[in-house]
Each structure stands twice: as C-alpha cells, then as structure tokens.
There are 2 protein chains.
Amino acid sequence: MKPVTYVNSLFEDFPEGAQNPVTQKSQLPKKRSNLRDVAKAAGVSVATVSRVLNEPGVVKPDTREKVQAAIADLKFVPSAAARAINSGRTRFVGALIPTLDNAIFARFLAALERELSAHQLSLVVATTDSDPDIETQKAKELVDIGAEGLIVTGAAHNTGLKDLIEQTMLPTIITSYFDRANPLPTIGYDNAAAAQIALEHLADLGHSEIAVVHGPVHNNDRTRARLAGLNASDCSVELATHETDISLEGGSVVGKQIAALPHKPDAILCLSDVVALGVLFGLQASGVKVPEDVSLVGIDDLPSSAVSVPPLTTVHLPVSTMGERAAAALARWISDQEIPRAEMLEATLVQRQSARRKT
Amino acid sequence: MKPVTYVNSLFEDFPEGAQNPVTQKSQLPKKRSNLRDVAKAAGVSVATVSRVLNEPGVVKPDTREKVQAAIADLKFVPSAAARAINSGRTRFVGALIPTLDNAIFARFLAALERELSAHQLSLVVATTDSDPDIETQKAKELVDIGAEGLIVTGAAHNTGLKDLIEQTMLPTIITSYFDRANPLPTIGYDNAAAAQIALEHLADLGHSEIAVVHGPVHNNDRTRARLAGLNASDCSVELATHETDISLEGGSVVGKQIAALPHKPDAILCLSDVVALGVLFGLQASGVKVPEDVSLVGIDDLPSSAVSVPPLTTVHLPVSTMGERAAAALARWISDQEIPRAEMLEATLVQRQSARRKT
DNA sequence: TTGACATATGTAACTGGTTTCATCAACCTC
DNA sequence: GAGGTTGATGAAACCAGTTACATATGTCAA
C-alpha cells in the first residue's frame, strides 16, 4: 500500500508571485490514523470507538467524550472501504448515459441525483458516447469500484454488458425506454408513441409534406423506435428524413439545407428539441419564418423550448419524473431486494407557437 | 450484514400483460462467492486465485485455467471494498458543482469525466444548488463513501468544508476561479478580467449606457468577481445592473423588462451566456432587434451562442480545458502526491454578430 | 552429484473496520 | 444476602481481499 502523503505547507499562505512551488513529495508519511490508534489514544478498546461512531447512545458520556477527543486529536476519518467490507454497502450507484451535452440528460441526471441523495445514495456518472463497447467498459469499471446498482439508457446493449449484469446480479434499471416485456425493469416512455403524437398534431394541422430530422440511428434504439412509430402511423403524410448530429449545430445545418430546398416541406418534425432549436436557428438565419413559412415541432420539451422565439411546440417527455422514479426504484431494489416493476410515463403534446394550421 | 439476494426469474421472460409481479423477496440468500470459495473449487490457495486476478502471467497456464473455470463457474466477482482496503484506493473522486442545468457545467463535467477516465478514475457528481451548507453536506457524503479527491467550484466555501478538507487532507482543486494566493490549488480563469474584456469591447464599439444582467450574487463568488471587474474598469460607461436567475427564463424576463423601458440602454452585457440567450429571446419576443436596436454580449461561449440568430458575441471561457487540467492535476495529486500548481486559463473575446458599433 | 537459482504455489499475517460473545460491576428484588 | 437483571466495556472473530515469506519442484552449470 502506498500511503497518501502530504506537504505540510498545504494550508499555509505563500508569497504572491512565488507560484506555488510544491512539487516535491513529503518526507513524513504520517500514516492516516485508524481505529486502533484512536482506541489506544483514548485508552479504550476498538469496539468502544466503533460504538462511539455508530451508536453513541450506548457508551457512557465521559468515555464517549474521551474517545471523541482522541478522534479529533488524531484527525481520524473512518475508512469507507473498511466499512463497506462489513456492511456490503458502498452507497453509490452508477448511471450510464450517452452524453452530458444534451440538456435532456442533464435534466434527467439532476433529478436522479436529487432523489438518490434522499435515499443516501451517491451517483457516479459515466458517459458512453452511445457506443455499446464503451458502455460495457464503463459498466465494468463501475462494478469494479463497487457500484451497487446501475441506471442505463435504452434497451439495446451488447452481450458483454448483459452478461455482466446477469453474472453480478446487479440491480439495473433501463430508462428513456419502456418495454414491459424486457427482463430488466424499464422506466420510461413509449418513444414510438411520442413521435406519433407529434406527427398526428402536424397532420391535424393539415400538413402533409413533412421533413423529419433525427439523430444517428446507429446504436440508438430510442431514435429507431421514434422513427418506427412514425412509419407505423396511419396519418396520410409524406415523410422525408434527414439524419444529423443531435446538437444545435447539427440542427442548424439541416435547417439551412431545408431553407435552400426549391420545394420546401409544409412542416418539420424534429425527433429531439436540441435539433429542433438548431433547425429553427438555421431557418431563421436563412430568412425562413417559423411558423409562417413552415411549421416546426420537436420532442423532449427542454427549458429552451418554452422561451425560444417562437416558442416551440413539442412533446413533453417527463425526464425529471423518470429520474425520480428510477432513483426510488433502484434504491428500494438495493435496500429491500424488491425488484421494481416497469413504469410507463406519459408523453404529452405541448402546443406553443412554432406550429400552426396550414394555410 | 444484509446479503444481497435476487429473484431467480429475473432473466426469464414473463407473459405479456402479467406486469412483472416480482415484489416478493428471494428465498435463497445464495451468498456471493468469495476468493476462498473459488480457491476451494479450483483446488488451489487463495493466493493463487489472487494472482490469477492481478498478475496472471506468473501462474502456470493450466492452473490459471482451472482457476478461471472456477471463477466463471461460481460467477465470482471480486469485492471492490476488500480490494480498496488493501490498496487504499477507491478509484473515484467527487465533483461539487452548483447545478447541472447550466450547459456550462455539463460541458465542464464532460471534459472532467473524460480525462479522469483516462487516469482510471471515476467521477461522482454532487450538485449543491450554490448552497454552501448543502455543499459541505455533500462533501461529507463523498468522503464517507471514499472519494479520493474533490473538485469544487469557486473559492467561497463555509468553514465546515474547509475543515473537512484540512482534516482529511483530501486532494482538492478549486475550479472556475483563479487565485494564485489560495491555499488550495485553483485551476480556472480570471472572472474579473473576463467581464472586463466584454465591457471593454462594448466601450470600444462606442456604447456608454450599458445594462448588466447577472445571476444571484448571494453565495456566488464568480458572479461577484465579474461584477467587481466591471466596477474596477476604467471604461467611462454607465452601468445599470439587473439581477435574475441564471436560466433562459430568467434572461427572457429581463429582456422583456428592458424592451419595455422608456429609455433603452445602448448595449446589454450578460454575465453568462444562458442569460444572454434568454435576454435575446425576451427582446425578440418584444420586437426589439439585436444588434440593430441594442447590442448584446455574453460570457461563457456555449455551443448555442455560435448558432443563435444573431450569433452571440461573447467571452470564451475554456471550461473543457479546465476540466482536463483539473482532472489531470487531481489524478497526479492522488497517485504521486504531487500538489498541483495554480493554473490560469485565458478568457478570450469571440466576436460574432450580436454586438455592433453604436450608430 | 551437488549447489545455485528460477519458477510455482501455499501459509499466514495484514488491511480497518463491525459484531458476537464474554466479563464485570452496579442495581434491584425477594 | 443470594439471585437476577441491566449497562458498559473488552477480547477476539470476522469480512474479503493482498502480499511477505516459506516451501517445493525443476533446470542448469560445475
């Protein structure tokens, strides 16, 4: 074991301009003190120190004070690992998400973290870049450092990850996706239905030539499910699909392309709001007006969608609720061995001003 | 110790419509197998099993295979805690950030996580809502679960956190802030200078009446530093400050307020880009044109700033670089006990189309 | 044939906590 | 005053790994 050592001057000020020069190592290993040290210093047994830490009520007040003094004196900090080895609990779970760059995942994580925190669980975040191999790799790392459970995005994973989950029997919840028949519990929404809601709204408004802008279908079952929903719809519309990056830039590029089209579509359906906002910017930069010249709808309902000009008609995906539910379900799975049931959350249309009736 | 138990049917399919009903607990505790079990099954000693796990090269191929077979057979997964207790390493660090809702932190985290991952470190995220008490609380939880280091935002923290860091001697790096004289290493930019760059640009363009829109100053030393930079500037301009939430909505509200003003400012300086984009939306919704009627600049340089209409002139803050540097520095601090030096990253003006010369 | 040395494996101590069980004193009851 | 109960504490086992050291076997040179 390499003892962690410190330079003593860490908390002293150093002169201005003397660009903190401490690049040498410490001379005094000054080993971190442990339970035994504290027990010796306080003149009690290790059991008593442990009790002071965990059930202070059962030790006599003056003994307790002696121990606490020793703890403070030795700057004793209990080792998380040693505690974990006995309890079998590490008190954290891992979340595997494609990216942090899309606000939708940031919102999801925020809710997840909030609810996990309420259950005394911390959250380790790992981004996968939508690559199943990276996903599996990161999952292994999470297991390796002791994650007690996993939150994964979508239902498509490579066999490495499935094997890992099966072998370790790690409580794992699938989010952003709903499938009652999945062997692992899914907590999410029906992506196909969400896309259909958006499409039907456009059809209701009288639009029949619709451009669909979506992110990469490769390695993304949510996008594929949404596209499948569109194709399965019985609206009599004509769809032209455009694949691009799920980013403002990606959307903007497509927006400009569509603006340059000799024959423009009646409406544009973007399979996520970031892309929709990007398309809006791209159109506006090209002088195309929304919704006067073309209607635009998205899916997600990001905060930006409510304040953009015009505000974006979109399908609200309850990602915050999803985060809360997933966190609560995982917490109970871990603490009570209660396997969660699948939960479907409702996606709902939010009508704003970016889509209007065809004139 | 509560053994973690599982329902055996977890990976079996269940009939459609029978909404997975497994809410009962398992009958067979089926204790997780450990090193000793594997050793017994393979007919070798625990040391050999350990070697197969950690230095496979030194064990004879056929012994190794026997052991690996036993590992696979018993679905053995080494305990992270037991490993950590010997190595003293838990292989993860914590990051305390105000919120995930602002894309600037999401971008920072993404870079941080990427670089930490390259150093075999995982990242535990904790959001503080800019509340120093929550921050301290979460920091304690992070230490409690074994974080090997900490990344914190800004230099203002309550004494609880400072004591914790001092007592545990936990490697801790301050980001989003630069101060060579801080006892803890800071890796960030000069917030005052960043604000001055934006202000000087507006002054250079001939603007003299400038509205400043900023987030809450309470508990936010970065905002305060930026405001201080503005006040310390020798530009002969007149500043009117507006405080609002750091969000699109917050900015939008102020944008509408400014649009309704009988006497409008020449220019608007927003101390963060989210707010600037919100202001832009608010102005546009009120029929005020940027930059024709009023110039607008932000600070941060978010992806959205490059594609908005008009694209936003802003001050680029190198948060991705900051994330990488902080991760690298923390990783070396942890593994080599090498205390990082403070690093100042340059903030630079990015001229786009939202600010123009006063006519 | 023997000593030197490398290779492969096992034994047991060790990490830093928690927890069971035993001990002992003080108090209460009959 | 004997016997039972309660409260406070300690000794030692235990968790699941790693690792220092010892041992056994095999190879090669002298």
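**Figure 1. Salt bridge between A:K358 and A:D266 in the predicted model.** A:K358 is partly exposed, with a relative accessible area of 40%. The model shown here and in the following views is predicted. The partner of A:K358 in a salt bridge is A:D266, and the closest N and O atoms of the two are 3.3 Å apart. This pair links distant parts of the chain, since its members are 92 residues apart. A:K358 belongs to the segment after strand 12 (348–350) of chain A, whereas A:D266 belongs to the loop between helix 10 (248–259) and strand 8 (267–270) of chain A. A:D266 has a relative accessibility of 14% and counts as buried.

**Figure 2. Salt bridge between A:R114 and A:E324.** The side chains of these two residues, A:R114 and A:E324, meet at 3.6 Å, N to O. A:R114 is partly exposed, at 48% relative accessibility. A:E324 is also partly exposed, with a relative accessible area of 31%. A search of the whole structure finds 18 salt bridges over all chains.

**Figure 3. Salt bridge between B:E324 and B:R114.** In chain B, the side chains of B:E324 and B:R114 form a salt bridge of 3.6 Å, N to O. Because B:E324 is located in helix 13 (residues 319–336) of chain B and B:R114 in helix 5 (residues 103–118) of chain B, the pair ties together parts that are 210 residues apart in sequence. B:E324 counts as partly exposed at 32% relative accessibility. For B:R114 the relative accessibility is 47%, and this residue likewise counts as partly exposed.

Figure 4. B:D273 is placed in helix 11 (residues 273–285) of chain B. Side chains of opposite charge can pair when their charged atoms come close. Leaving aside neighbours within four places in sequence, the contacts of B:D273 include B:G298, B:I299, B:D300 and B:D301. Also in contact with B:D273 are B:L302, B:S305, B:L312 and B:T314.

**Figure 5. Position of B:Q351 in chain B.** B:Q351 is found in the segment after strand 12 (348–350) of chain B. With 59% relative accessibility, B:Q351 counts as exposed. When neighbours within four places in sequence are left aside, B:Q351 is in contact with B:H201 and B:T313. The C-alpha atoms of B:Q351 and B:L271 are separated by 16 Å, and these residues are 80 residues apart along the chain.

**Figure 6. Protein surface near DNA strand C.** DNA strand C is surrounded by 28 residues, and the closest are A:L35, A:R36, A:S50, B:T48 and B:T63. By class, these surroundings of DNA strand C comprise 13 nonpolar, ten polar and five charged residues. Helix 1 (35–42), helix 2 (46–54) and helix 4 (80–87) of chain A each supply at least two residues of this surface, as do helix 2 (46–54) and helix 4 (80–87) of chain B. Among the atoms of DNA strand C within 4 Å of the protein, 51% belong to sugar or phosphate and the rest to bases.

**Figure 7. Polar contacts to DNA strand C.** A base nitrogen of DNA strand C lies 2.5 Å from a polar side-chain atom of A:R36. An N or O atom in the side chain of A:S50 is 2.5 Å from a phosphate oxygen of DNA strand C. At B:S45, a polar backbone atom is 2.8 Å from a phosphate oxygen of DNA strand C.

**Figure 8. Protein surface and polar contacts at DNA strand D.** Of the 26 residues around DNA strand D, the nearest are A:T48, A:R51, A:T63, B:R36 and B:S50. The surface near DNA strand D has eleven nonpolar, ten polar and five charged residues. Its largest share, four residues, comes from helix 2 of chain B. The side chain of A:N86 has an N or O atom 3.1 Å from a base oxygen of DNA strand D, and that of B:N86 has one 2.8 Å from a base nitrogen of DNA strand D. A polar side-chain atom of B:N54 is 2.9 Å from a phosphate oxygen of DNA strand D.

How values were computed. Residues are numbered from 1 along each chain as its sequence is written. Chains are lettered from A and ligands numbered from 1 in the order in which they are written. This is a predicted model: local features need pLDDT of at least 70, side-chain atom pairs count only at pLDDT 80 or more; totals for chains, interfaces and linings use all residues. Side-chain values use heavy atoms; hydrogens and water are left out. A residue is near a molecule or strand if one of its heavy atoms lies within 4 Å of it. A polar contact is a pair of N or O atoms within 3.5 Å; within protein, one must be able to donate a hydrogen and the other to accept it, and residues adjacent in sequence count only if both atoms are side-chain atoms. Ala, Val, Leu, Ile, Met, Phe, Trp, Tyr, Cys and Pro count as nonpolar, Asp, Glu, Lys and Arg as charged, and the others, Gly among them, as polar. Contact means heavy atoms within 4.5 Å. A salt bridge is a side-chain nitrogen of Lys or Arg within 4 Å of a carboxyl oxygen of Asp or Glu. Buried means under 20% relative accessible area, exposed over 50%, partly exposed in between (1.4 Å probe, protein chains only).
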